[in-house]
Amino acid sequence: MEERANLMNMMKLSIKTLIQSALSLGRTLDSDFPPLQQFFVVLEHCLKHGLKVKKTFIGQNKSFFGPLELVEKLCPEASDIATSVKNLPELKTAVGRGRAWLYLALMQKKLADYLKVLLDHKHLLSEFYEPDALMMEEEGAVIVGLLVGLNVIDANLCLKGEDLDSQVGVIDFSLYLKETQDSDGKQDGGITAVLDQKHYVEELNRHLSCTVADLQNKIDCLEKTNSKLQEELAAATDRIGSLQEEQQQLKQQNELIRERSEKSVEVTKEDTKVELDTYKQSRQGLDEMYSDVWKQLKEEKKIRLELEKELELQIGMKTEMEIAMKLLEKDTHEKQDTLVALRQQLEEVKAINLQMFHKSQNAECSLQQKTEAISSFEGKTNEMMSSMKQMEKRLQHAEKARQAAEERCNKMKQELAGRLDSCRQQMSQLDSKCSTLEKELKSEKEQRQTLQRELHQEKDATTLLKTELQQMEGLKKELRKLQDEKQQLEKVCEEQEQALQEMGLHLSQSKLKMEDIKEVNKALKGHTWLKDDEATHCKQCDKEFSISRRKHHCRNCGDIFCNTCSSNELALPSYPKPVRVCDTCHTLLLQRCSSNSS
C-alpha cells in the first residue's frame with residue numbers, strides 16, 4: 001500500500017512539474033528535457049509494479065512491454081505504434097521496445113486513452129500483474145486521469161539516435177525539491193495562463209475541424225447513396241414492366257397447357273378404367289388356373305418321391321441278395337473240392353458267418369429267409385465237425401435252398417423290371433404335363449408383363465401431367481413472389497424518400513449546431529484556464545480547498561471548483577467523451593441543447 005501511494009504521489013509531482021515547465025518553456029519538448037525524462041522513469045516504475053515473473057528458456061523475464069502489446073488487439077488505432085516499434089532495428093530488448101512505445105504514444109497525445117483501454121480489460125491484465133499491483137487497483141485509474149492533462153504538451157522525440165535498451169531508470173528527486181522564487185512565479189504565471197488559453201483554443205479548433213470534416217464526409221456519402229438509390233429505382237421500374245409482360249405471356253401459356261392437360265387426363269382416365277376391368281377379370285381366371293395346376297404338381301411330386309423311395313429299397317435288397325448268393329457259391333465250391341480241409345477253414349467260415357449275421361440284422365423282412373439259411377449253415381458247420389456224413393446231407397439241403405433262392409431272385413428281378421418300366425412311363429407322362437404347364441405359365445407371365453408395362457406407361461403419363469400441374473403452381477408462386485417484390489420495392493422507395501427528407505432535416509440541424517459551436521467558441525475565447533495556485537476557495541460554494549477537498553477544473557469555463565460543485569459530466573464540442581463540468585455550466589448547456597432540439 002505504501003509503495004503504491006508513493007508511486008502515485010511521485011506520478012502527480014512528475015506530471016505537474018512537466019506541465020508547468022513545458023508551458024513556461026513555450027515550445028515543443030525534446031527527449032533531452034529533464035522533466036520529461038523523469039516522467040518516463042516514474043511511469044516505467046508504475047508499470048513495473050507488481051509484474052509477474054515469466055520463465056523462459058533463457059531465464060526469468062520481467063518486462064512491462066507484454067501488457068502494452070495488448071493495446072494493439074483492443075484498440076486498432078495503436079497498430080501504427082506497434083509496427084513502428086517492431087521496425088526499429090536498434091531495439092533488442094523488451095524494455096527498449098516498451099520505452100519506445102511510451103514515447104510514440106505521448107507524441108500522438110493518446111497515452112491516457114491507451115492505458116484506459118488496458119484498465120477496462122483487467123481480466124487480461126491479470127495474466128501479467130499480481131492482484132495487488134498498482135495497475136490492478138484504483139491508483140491505476142487515478143494515474144490515467146492525471147495523464148489526460150499531458151494532451152496539452154507537444155513533444156517531438158527522436159528514437160533512432162537513443163540507446164533505450166541500456167538506460168537506467170533512476171528517479172531524480174532534486175527536480176522536485178527546488179524552491180520557486182516569487183518574482184519568477186509571477187512572471188511565469190501570466191505566460192502559462194496565456195499558453196494554457198492558446199493550447200485550449202487550439203484543441204477546440206482541432207476538434208471542431210474534425211467534426212466539420214466528418215459531417216462533410218457524411219453528406220457526400222448520403223449524396224452518393226441517393227444517386228445509387230435513384231438508379232436502382234429506375235432499374236427496378238424497368239424490371240417490373242418486363243416482369244408484368246412475362247406474367248401476361250405465362251398466363252396465356254398456362255391456360256393453354258391447362259386445357260390440354262385436362263383433356264388428356266380425362267381420356268387417360270377412361271382408358272385406364274376399361275383396361276383395369278379387363279385386367280381384373282383375366283387375372284381372376286389366371287389365379288384359379290394357377291391354383292389348380294399348383295395342387296396337381298404338389299400331388300405328383302409326392303407320388304414321385306414315394307416311388308423313388310421304393311426303388312431305392314428294392315435296389316438295396318437286390319445288391320444284398322447278390323452278395324449272399326456269391327458267398328454261398330464260394331462255400332459250396334470249396335466244400336465240393338476239399339472236404340478234408342474244412343477243419344482248417346472253419347475259422348474263415350466263422351468270420352464269413354459273422355459278416356452275414358451283421359448284414360442280416362441291417363436287412364428288412366425280405367432278409368429273414370437269408371438269416372434262417374445262415375443259421376442252418378452255422379448248425380451244419382457245427383455238425384460237420386462231429387461227422388462228415390451229416391455234412392454231406394446238409395450240403396444237399398443247402399444246394400436245394402440255393403436253387404430256391406436263385407428262383408426267388410429271378411422272380412424279384414422280373415418284378416423290379418416291371419415296376420421300373422411302369423415308373424418310367426409315369427415319369428414321362430408327368431414330364432410332358434409339367435412342360436405343358438410351364439409353357440402355359442410362361443405365356444401368362446408374358447401377358448402379365450405386357451399389362452404391367454402398359455400400367456407403367458400410364459403411370460408415367462399421369463406423373464408427367466402432375467409435374468406440369470406442379471410447374472403451373474410454381475409459376476403462380478413466382479408471380480406472387482414478383483408481386484411481393486414489387487410491393488417491397490415500392491416500400492423501399494417510400495422509405496428512402498422519407499430518409500432523404502430526414503437527412504435534409506439533419507443537415508439543417510447540423511448547420512444550426514455549427515452556428516452554436518461557433519458561438520460557443522467565441523464565448524470560450526473570453527474564458528481563462530485558472531492555475532491551481534491562483535484558487536484557494538471553490539468559486540461556487542466558497543469552501544477552502546484541503547487534502548480531502550480537492551481542486552477540479554471545469555472544462556467549459558476553466559474555473560476551479562470542489563468535487564460536489566463539479567460532479568456533473570457532459571460531452572463538449574472540444575472533447576469527444578463526457579468531461580467534468582460545473583453546475584452552472586451544466587444547466588446552461590442543458591438549456592441550450594433543449595432550445596436547439598425544439
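A residue is called buried under 20% relative accessible area, exposed over 50% and partly exposed in between (1.4 Å probe, protein chains only). At 53% relative accessibility, Glu266 therefore counts as exposed. This is a predicted model, in which local features need pLDDT of at least 70 and side-chain atom pairs count only at pLDDT 80 or more, while totals for chains, interfaces and linings use all residues. Residues are numbered from 1 along each chain as its sequence is written, and side-chain values use heavy atoms, with hydrogens and water left out.

Glu266 lies in helix H9, and helices here are DSSP runs (H or I, at least four residues) numbered from the N terminus. A negative surface patch brings Glu266 together with Glu255, Glu259, Glu262, Glu270, Asp271, Glu275 and Glu454. Patch members have over 30% relative accessible area and no salt bridge, and like charges are joined within 9 Å; a salt bridge is a side-chain nitrogen of Lys or Arg within 4 Å of a carboxyl oxygen of Asp or Glu. Helix H9, residues 182-337, gives the most to this negative patch, with seven residues.

A positive surface patch consists of Arg258, Lys476, Lys477, Arg480 and Lys481. Its largest share, four residues, comes from helix H12 (residues 388-526). Arg480 is found in helix H12 and is exposed, because its relative accessible area is 54%.

Leaving aside neighbours within four places in sequence, His586 is in contact with Asn568, Leu570 and Val581, where contact means heavy atoms within 4.5 Å.

Methods
Patches are made of residues with over 30% relative accessible area and no salt bridge: like charges are joined within 9 Å, nonpolar side chains (Val, Leu, Ile, Met, Phe, Trp, Tyr) within 5 Å. Accessible areas come from the Shrake-Rupley method with a 1.4 Å probe; for residues, only the protein chains shown count as cover. Lys and Arg count as positive and Asp and Glu as negative; His and the chain ends are not counted. The place of a charge is taken as NZ of Lys, CZ of Arg, CG of Asp or CD of Glu. Helices (H or I, at least four residues) and strands (E, at least two) are DSSP runs, numbered from the N terminus.
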